[in-house]
Amino acid sequence: MNMKLMIEQGQVWLYNRIVQMKHSVQIYPHPSWIICTKMWLFLGMTFSLGILIPGKLSLNLQYDGDQVLHIVPETFQQVQHLQHLCSTSMLDLWKPQLPEDIQAGEDLHIRVPAPLVQEVKDSLDQHMISYKVLIHDVQELVDESMPKQRSHRQIPEGYNYTEYHPMEEIYKWMTQIQESNSELVTQHHLGKTIENRTIYYLQISQPSNKPKKIIWMDCGIHAREWISPAFCQWFVKEILQNYKSDAMIRRFLQNLDLYILPVLNVDGYIYSWEAERLWRKNRSPYMNGTCYGTDLNRNFNSSWGSVGVSYNCTSEIFCGSGPESEPETRAVAQFIEKKKTDILCYLTIHSYGQYILTPYGSTTTPPSNNEELMHVAQKAAAALMGKHGTSYKVGSTSSILYSNSGSSRDWAHMIGIPFSYTFELRDNGTHAFTLPSDQIQPTCEETMLAVTTIIDYVDQKYFPGGAVMLTSGSLSLSLCLSVVFTWIAS
Amino acid sequence: MLGGATVVRRRRRRRRAAPGPLLPTPPLPAAGGDSPAVPGRPPRPSMSQGPSPAAELPPSHCLPGRAAALAAAFIAWRRGSPGRGPALRALSRARRQDIDDVGHKYHLEFVLEDIFEKDSTVNCTAEVLYHLGNKNAAPDVQFTIEGELKNTDEADNLFYNRIKSLKNELVAENVPDSYGNVPPEMEPIRALAWAASGYVIWQNSTENTKYQLAQIKHVKQVKRSDEYLEFDYKILLHENVSQEIIPWQMTVLWHPQHGTEVTQNSRQPQHV
């Protein structure tokens with residue numbers, strides 16, 4: 001029997017099945033997938049994503065232990081039972097295409113997910129239905145026929161910014177972005193995660209002999225907030241596509257370097273793809289590996305551990321064993337500390353809730369530049385609303401959200417970075433963390449306007465009239481020189 | 001079962017969420033002008049015997065925000081159906097009264113949208129009273145919807161007949177999926193979960209919590225001999241203040257004329 005052919009037939013059948021989109025509730029295709037995605041990409045994607053095995057297997061890319069059974073029902077009762085089994089047990093019918101087409105005397109091939117194998121076999125035995133195991137382990141066959149399941153998801157010229165990407169693809173994207181925009185973009189190593197993965201940031205810098213100031217933006221500090229890394233990627237793309245044609249971008253790139261960190265919590269992000277979609281923290285082991293994860297946004301050295309946290313590892317807001325206990329936190333903090341005199345703006349992107357948040361979370365005492373911070377945030381929210389009518393709330397974390405200590409944004413402001421904001425992107429709760437991909441574009445478009453409003457304000461403030469801001473050093477030097485020249489001339 | 005603007009008193013004792021971490025209630029904006037977030041607002045009156053007059057609050061403040069989320073969840077339960085999922089779009093106005101020995105009462109004006117039709121909006125007012133004394137009592141909620149919600153009789157009846165005529169019980173998992181997708185045939189199942197979770201959220205809310213339905217992990221229809229549809233749901237609730245994802249089981253009864261009833265619900269253990 002040609003196992004490989006069977007797998008291929010299964011793939012073709014998968015595609016056909018999904019295109020049909022019948023009444024069955026086992027299949028969860030989404031119309032936009034069919035419209036937007038090429039067939040070969042789609043086949044591989046559906047097969048490798050295993051969308052036909054929901055539940056605990058839906059996030060697992062493996063078919064380990066899944067079996068394909070061959071049955072020839074003999075009686076009408078057997079046909080009925082098999083139809084019932086197929087519908088209720090979420091079995092993957094390979095042949096025929098639909099439960100309705102199961103007939104006595106005809107071949108039936110069904111793929112049974114591993115956890116259900118025994119239960120299904122027991123049920124068949126109970127009903128005196130004989131079966132043969134056609135494929136003992138589907139994953140083995142998949143590995144043979146498709147060694148790199150995701151290899152066809154390369155980043156081609158047209159990287160799709162309107163879908164969510166796993167970490168592997170984001171890494172490849174960063175490399176490619178640097179390669180194809182090397183005059184402007186460099187990729188840098190920031191540090192390592194607890195599971196020893198590399199954290200990279202991208203530096204967008206217009207070559208110039210003028211000293212520049214810095215805008216920092218990080219995304220993906222919380223694993224489940226997928227729209228956040230999607231925005232960082234979108235932002236980079238927009239800047240690179242428009243820096244020659246857009247007057248505002250051109251202007252601020254003369255004076256400002258943009259440092260963009262697409263995914264800060266790399267381990268957590270991967271975990272949310274592979275194991276638990278709603279994971280939030282990093283993957284630091286505690287209590288002898290019986291409990292995992294520190295909330296990185298409670299781990300910074302800003303009134304650490306004082307309010308809005310838990311000291312218990314099982315909590316989603318566990319602040320860690322001490323300020324900067326986590327390597328991810330240290331990687332960011334050490335870098336920003338080093339560059340703090342040049343950083344004018346610190347932005348950190350989260351979801352959901354639709355907020356632009358100002359300092360602080362750990363206290364209701366307003367920051368020294370609160371009026372200006374609020375004014376700029378309101379400008380940004382207004383610009384955002386102008387695009388698609390989305391309304392954002394503006395205010396300090398402690399008054400409009402909740403108390404929290406150890407946040408990166410509080411810490412950035414406390415060490416002297418004047419314009420520090422947290423963004424909470426779409427939506428309001430209807431989809432919460434699982435924002436559908438058809439909202440990626442409108443969310444990114446409107447957020448882009450808000451972020452560029454802030455950058456533009458900062459640029460105009462510190463580099464008025466396009467001139468370089470005089471530092472006190474250069475000012476006193478020019479004063480001295482003018483005195484000297486006046487004296488020489490006299 | 002369902003009526004117009006309803007006054008709902010304390011129901012049966014409901015499950016409390018496990019004690020949370022250090023979470024003080026953020027103070028309200030101070031009187032006068034020292035809080036830039038509230039320019040020009042009337043000063044907060046001092047506490048006296050009996051209920052204080054209602055003080056205006058910025059709608060962006062977290063406390064009225066939580067009350068509005070609770071009111072919206074309550075309305076979702078009372079007015080939701082497989083064809084309709086009322087959700088909070090924006091809070092326009094909020095006032096608060098501190099009633100000595102009773103609790104905190106919020107007067108809210110907000111806009112609702114539909115989870116499946118964002119452009120379908122309606123204005124609402126509500127009063128939410130959080131009880132000071134008995135922390136285990138659900139807050140009292142009264143609401144008024146200005147105008148009419150869209151008629152969903154056709155969609156509801158279609159769903160009812162579809163489920164009634166299924167040969168095998170409906171079973172589904174992960175709605176929405178990781179990518180936020182909900183297949184069209186699952187939308188009514190999701191809307192029903194949205195309505196039922198409104199009840200669970202109402203029963204378990206305090207001034208320090210803000211719940212949201214995050215996902216349906218599993219749903220299974222339970223066939224009944226009477227006219228009701230019954231579903232057993234396992235859902236995930238997201239609690240915004242503690243950031244916890246809380247698994248919850250609920251048994252839901254629905255009928256086009258009788259609305260949504262949660263006959264049984266219980267918090268499930270979180271796996272580490």
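The torsion about the S-S bond of A:Cys219 and A:Cys232 is about 80°, so this disulfide is right-handed; a disulfide here is a pair of cysteine sulfur atoms within 2.5 Å. Helices (H or I, at least four residues) and strands (E, at least two) are DSSP runs, numbered from the N terminus.

The model is predicted: local features need pLDDT of at least 70 and side-chain atom pairs count only at pLDDT 80 or more, whereas totals for chains, interfaces and linings use all residues. Residues are numbered from 1 along each chain as its sequence is written, chains are lettered from A and ligands numbered from 1 in the order in which they are written, and side-chain values use heavy atoms, with hydrogens and water left out.

**Stop 1: the cysteines**

Remain at A:Cys219 and A:Cys232, where the S to S distance is 2.0 Å. Both A:Cys219 and A:Cys232 are buried, a term that means under 20% relative accessible area, with exposed over 50% and partly exposed in between (1.4 Å probe, protein chains only).

Next select A:Cys291 and A:Cys313, which are also joined by a disulfide, with S to S 2.0 Å. The torsion about the S-S bond of A:Cys291 and A:Cys313 is about -100°, so the disulfide is left-handed. A:Cys291 lies in strand β10 (residues 291-292) of chain A and A:Cys313 in the loop between β10 and α11 (327-339) of chain A, so the bond ties together parts that are 22 residues apart in sequence. A:Cys291 is buried at a relative accessible area of 1%, and A:Cys313 is buried at 3%.

Over all chains the structure holds two disulfides. With the bonded cysteines of chain A numbered in sequence order, the pairing reads 1-2, 3-4.

A:Cys345 is buried, with a relative accessible area of 0%. In chain B, select B:Cys124, which is buried with a relative accessible area of 1%.

**Stop 2: a helix pair in chain A**

Display helix α12 (residues 370-388) and helix α15 (residues 440-462) of chain A, whose axes come within 8 Å and cross at roughly 145°. Axes are lines fitted to C-alpha atoms, for helices over the stretch in contact, and angles run from 0 to 180 degrees between N-to-C directions. The crossing of α12(A) past α15(A) is right-handed, meaning that the near helix is turned clockwise from the far one by less than a right angle. Residues of α12(A) at this meeting include A:His375, A:Val376, A:Ala380 and A:Leu384, and those of α15(A) include A:Leu449, A:Ala450, A:Ile454 and A:Tyr457. Contact means heavy atoms within 4.5 Å.

**Stop 3**

Select A:His413 in helix α14 (residues 408-414) of chain A. A:His413 is buried, with a relative accessible area of 8%. Leaving aside neighbours within four places in sequence, the contacts of A:His413 include A:Pro359, A:Tyr360, A:Leu373 and A:Pro418. The C-alpha atoms of A:His413 and A:Ser302 are separated by 9.3 Å, although these residues are 111 residues apart along the chain.

Move to A:Thr88 in helix α4 (residues 76-88) of chain A. A:Thr88 is buried, with a relative accessible area of 17%. Which residues of chain B does A:Thr88 touch? They are B:Asn168, B:Glu169 and B:Val171, not counting residues up to four places away in sequence. The side chain of A:Thr88 also reaches the backbone oxygen of A:His84 at 2.8 Å.

**Stop 4: the sheet of chain B**

Finally, show the open sheet of five strands in chain B, ordered β6-β7-β8-β9-β10 with antiparallel pairing. The edge strands are β6 (171-175) and β10 of chain B, each pairing on one side only. Neighbouring strands of the sheet are turned by 25° against each other on average, direction ignored.

Strands pair if DSSP finds at least two bridges between them. Ten bridges join the antiparallel strands β8 (residues 229-239) and β9 of chain B, and B:Tyr233 stands opposite B:Met250 in β9(B). On to β10: β9 (residues 245-255) and β10 (residues 259-267) of chain B pair in the antiparallel sense over eight bridges, with a hairpin of three residues joining β9(B) to β10(B). Here B:Met250 stands opposite B:Asn265 in β10(B).

Helix α2 (residues 153-164) of chain B lies across β7 (211-222), β8 and β9 of chain B and runs at about 115° to β8(B).

Key: A polar contact is a pair of N or O atoms within 3.5 Å; within protein, one must be able to donate a hydrogen and the other to accept it, and residues adjacent in sequence count only if both atoms are side-chain atoms.
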